[in-house]
Amino acid sequence: MSERPEDLRAVRPDSAPQQHDGAAGPSAPERSQWRIRSFSLRGSRLGARHEETVARHPELFVPLAPGPQATTVALDARCDLGQVFGRQAPLAVEIGPGSGEHGVSFAQRHPEYNVLLVEAWAPGAARCVASILRAGVTNVRVLEADAAQALPVLFGLECAGLVRGEDVTACGPARSATHPNAANPRAEQVWTFFPDPWRKARHHKRRLVAAPFATVVAGMLREGGTWRLATDWDNYAWQMRDVVETSPYFTNPHAGERPDPADPTPERGGFAPRWEERVLTRFEERGIAAGRTIHDILAVRA
């Protein structure tokens, strides 16, 4: 989400301890082999109320075996989404759901859907569980993990386990012929609303919406499925638009529409109208209050 503080740490594919200054431990691989993390964990302690809520409702979490680093899952972790939700139904996945406002609201209005909320920050995941319980919905589950690392495993993609972004992009969105999770249903919708913009230019490489993650989302979606994005940060909106329009796996049905005079190519456009189903969250409200423009992007799986 756009209000998260910056975090310069990266997640490594080994189990070497992380030093407080971000330096590698003595047995760590070269820094070039670290997996860049696109989110900030901030403090991860749960209050007593949230701890009790999480402990009492393990059935609301996706049970993927943990990996060697915080927020990762094991590459051979098995998960049958049909069993997790207790049924087969159209699937919507929200990445970075905040407190679950949008995903839970959508689940209330669309009980025919299964909704998966993917949140790496433990207190955020706990708040999503609290939102699920308050709403009384039974069609929402939470995956507490780094989306970029865990979703290729959950959907059994060939790119699962790859560390470098260029390797993920080169691998493509194909399912693995051997991973059992490849049998999980493809999603109808994926949502990425107001991800951390990593405002400083030197940190733009940490932005989630880039070619490697577009490849992962393409592997999650069925043909004709939709990826909806929104941001209140101008140059991230242009980046999102560029990622969608340069990906071989997506089309932009709003190409050329709603040009932005602040865009480096002001005549280009490519932005969607605000999706009427998207709930107005505190992140969007803060952006509006600060005078920032909200941009929506819609990508359709080719």
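Here is a short walk through a few spots in this model, which is predicted.

**Stop one: two helices**

Select residues 48-56, which form helix H1, and residues 122-135, which form helix H4. The two pack at an angle of about 70°, and their axes lie 9 Å apart. Angles of 65 to 115 degrees count as roughly perpendicular, so that is the label for H1 and H4.

Now show side chains. Which residues meet here? From H1, pick His 50, Thr 53 and Val 54; from H4, pick Ala 126, Arg 127, Val 129 and Leu 133. Sorted by class, this contact has 4 nonpolar, 2 polar and 1 charged residues.

**Stop two: a pair of strands**

Next, select strand E4 (residues 114-118) together with strand E5 (residues 140-143). E4 and E5 run in the parallel sense and pair over 4 bridges. For a landmark, find Leu 117, which stands opposite Val 142 of E5.

Stay on E5 and look at its two sides. In a regular strand, side chains alternate between the two faces of the sheet. Are the faces of E5 covered or open? Both are covered: Val 140 and Val 142 are buried on one side, and Arg 141 and Leu 143 are buried on the other.

**Stop three: a serine in a helix**

Last, go to helix H3, residues 101-109, and click on Ser 105. Its relative accessibility is 16%; buried means under 20%, so Ser 105 counts as buried. What does Ser 105 touch beyond its neighbours within four places in sequence? Select Gly 100 and Val 279 to see those contacts.

Definitions and conventions: Residues are numbered from 1 along each chain as its sequence is written. This is a predicted model: local features need pLDDT of at least 70, side-chain atom pairs count only at pLDDT 80 or more; totals for chains, interfaces and linings use all residues. Side-chain values use heavy atoms; hydrogens and water are left out. Axes are lines fitted to C-alpha atoms, for helices over the stretch in contact, and angles run from 0 to 180 degrees between N-to-C directions. Angles under 35 degrees count as roughly parallel, over 145 as roughly antiparallel, 65 to 115 as roughly perpendicular and the rest as oblique. Contact means heavy atoms within 4.5 Å. Ala, Val, Leu, Ile, Met, Phe, Trp, Tyr, Cys and Pro count as nonpolar, Asp, Glu, Lys and Arg as charged, and the others, Gly among them, as polar. Buried means under 20% relative accessible area, exposed over 50%, partly exposed in between (1.4 Å probe, protein chains only). Two strands pair if DSSP finds at least two bridges between them.
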